[in-house]
Amino acid sequence: MTRPPGPPTALWRPYTQMKLAAPPPKVQATEGVRLILDDGTSLVDGISSWWTACHGYNHPHIRAAVADQLARMPHVMFGGLTHEPAERLARRLATLLPGDLDHVFFTDSGSVAVEVAMKMAVQYWLNRGVKGRHKFVSFRDGYHGDTLGAMSVTDPDGGMHRHFAGYLPRQFVAELPTDLDRIAGLESLLARHRDEIAGVIVEPLVQGAGGMRFHDGDTLRRIANAAARHGHLLIADEIMTGFGRTGRMFASEEADIVPDIMCLSKALTGGTIALAATVARAHVFDAFWSDEPSAALMHGPTFMANPLACAAANASLDLFEREPWLSQVQAIAAALRRGLEPARDLPGVVDVRVQGAIGVVQLTALKDAGWLRRRFIELGVWARPFGDILYVAPPFVIEPRDLDLLVRAMVTVARDWS
Ligand code: PLP
């Protein structure tokens, strides 16, 4: 298995068999909703750089805020210090989030936001004098990230666990209670293992990397009610859904629920710089409020609350306040519903579904993702199909002409594959 002399492979890429994969397109610049490749090709980004660039790329307002912060203070450690951009961002998030989700802990990636949520939940019980509650309930087809704790609550059948099963904490996996008949299974799990469970973690409305599956507000409400009835903490992983993607600022609002802990990242900075937040309700925070130093939350990434990232996030929130994001999302949803419909009748398609500004065409079988990606590029689109899923989640500011290009590309690729 020694590697023959050949092109340099200094750069090790994500989720990639380096031996087999073709070199990826090289991006030279980003503009609006487009990626400009080094050969001059311009692609409409159908997936907003993994769901982050909700306002499009290089937005002048975010760029100016980051440039201003760069001139003042690009970084300072957060241990024992604080700064205005982080304080302002925390106050704004607390105001924007539903209920008393008022206490914001910053980190630098979605996976780590989930790790912090899990640590918060485990320590919440310990700080309240309850021992033994250190397991989590997650849902079939769920995905919560690539770090160890986050992987342990990701569906064990989803491929992430293949090499690490023996290394990961064992958790409970429940079926989503998508109808009343299914709630009994979750209820019985929550009751039977009450004294072991630290929390229940769910992706509200959209299970993303586990297959772009959608559920409704009733399903989410059933989960929240069941968790509350059995005295469990509910963790909403809104890393993908947060900041408008489903047509609600936060998907939890669709069910009118206030989770005990919420994880945010991706669109938090409008796709500019890595930042994540784990936000706790007052009663969770109160469990850490103590004269006892060891009751403190023991977490503190070196780059937490990076001032550039906080400035970008504050500027992104300005845009949410002044731009018509909701009508943009609704217009995208309507165009996706209309435009993807013809794919439903193709022999190679099993389902077409839309949730907010997310459109999915599900194929009848797995297809070579490299082939699908290349076909999208030929059609002027950047997309990242996986498994049997073609999907788009474009920037909210996409113009009708570019949206039309995306939608037509989805149908064409599905037709070519059929
Ligand atoms: N949780 C959800 C729902 C996600 O979609 C993702 C990333 O796709 C993560 C967690 C992990 O976030 P990150 O890739 O920033 O670590």
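User: Which helix gives the largest share of the shell around the ligand?

Analyst: In this predicted model, the largest share of that shell comes from helix α4, residues 110–127, which contributes 3 residues. The shell holds 14 residues around the ligand, and those that come nearest are Gly110, Ser111, Gly145, Ile239 and Met240.

User: What makes a residue count as part of the surroundings of the ligand, and how does the shell divide by class?

Analyst: A residue counts as near if its C-beta atom, placed from the backbone, lies within 6 Å of the molecule. By class, the shell around the ligand has 5 nonpolar, 7 polar and 2 charged residues.

User: Why is α11 called oblique to α12?

Analyst: Helix α11 (residues 369–378) and helix α12 (residues 400–417) pack at an angle of about 135°, and their axes are 10 Å apart. Angles over 145 degrees count as roughly antiparallel and 65 to 115 as roughly perpendicular, while the rest, once those under 35 are set aside as roughly parallel, count as oblique. The angle of about 135° therefore makes α11 oblique to α12. As for the sense of the crossing, α11 passes α12 in a right-handed one.

User: How do you know which residues carry the contact of α11 with α12?

Analyst: Two residues are in contact if their C-beta atoms, placed from the backbone, lie within 7 Å. On that basis Leu372, Arg375 and Phe376 in α11 meet Ala409, Val413 and Asp416 in α12. The residues of this contact divide into 4 nonpolar, no polar and 2 charged.

User: Why are α6 and α7 called roughly parallel?

Analyst: The axes of helix α6 (residues 183–192) and helix α7 (residues 217–229) come within 10 Å and cross at roughly 25°. Angles under 35 degrees count as roughly parallel, and α6 and α7 are therefore roughly parallel to each other. Their crossing is right-handed. The contact is made by Ile183, Leu186, Glu187 and Leu190 of α6 together with Arg222, Ala226 and Ala227 of α7. By class, this contact has 5 nonpolar, no polar and 2 charged residues.

User: What describes the packing of α10 and α12, and which residues meet there?

Analyst: Two packed helices are described by the angle between their axes and the distance between the axes. For α10 and α12 the angle is about 35° and the axes are 9 Å apart, and α10 passes α12 in a right-handed crossing. Ile332, Ala335, Leu336, Gly339 and Leu340 in α10 meet Leu403, Asp404, Val407, Met410 and Val411 in α12. That contact has 8 nonpolar, 1 polar and 1 charged residues.

User: How do you know that domain 1 and domain 2 are in contact?

Analyst: The domain assignment of the chain gives domain 1 as 27–55 + 324–417 and domain 2 as 61–322. Their centres, taken over C-alpha atoms, are separated by 27 Å, whereas contact is judged between residues, whose C-beta atoms must lie within 7 Å. By that test 23 residues of domain 1 are in contact with 19 residues of domain 2. The side of domain 1 that touches domain 2 has 14 nonpolar, 8 polar and 1 charged residues.

Notes. Residues numbered from 1 in each chain as written. Predicted model: local features only at pLDDT ≥ 70, side-chain atom pairs only at ≥ 80, totals over all residues. Helix = DSSP H or I, 4+ residues; strand = E, 2+ residues; numbered from the N terminus. Nonpolar A, V, L, I, M, F, W, Y, C, P; charged D, E, K, R; others polar. Axes fitted to C-alpha atoms, helices over the stretch in contact; angles between N-to-C directions. Left-handed = near helix turned anticlockwise from the far one by under 90°. Domains from an automatic or database assignment.
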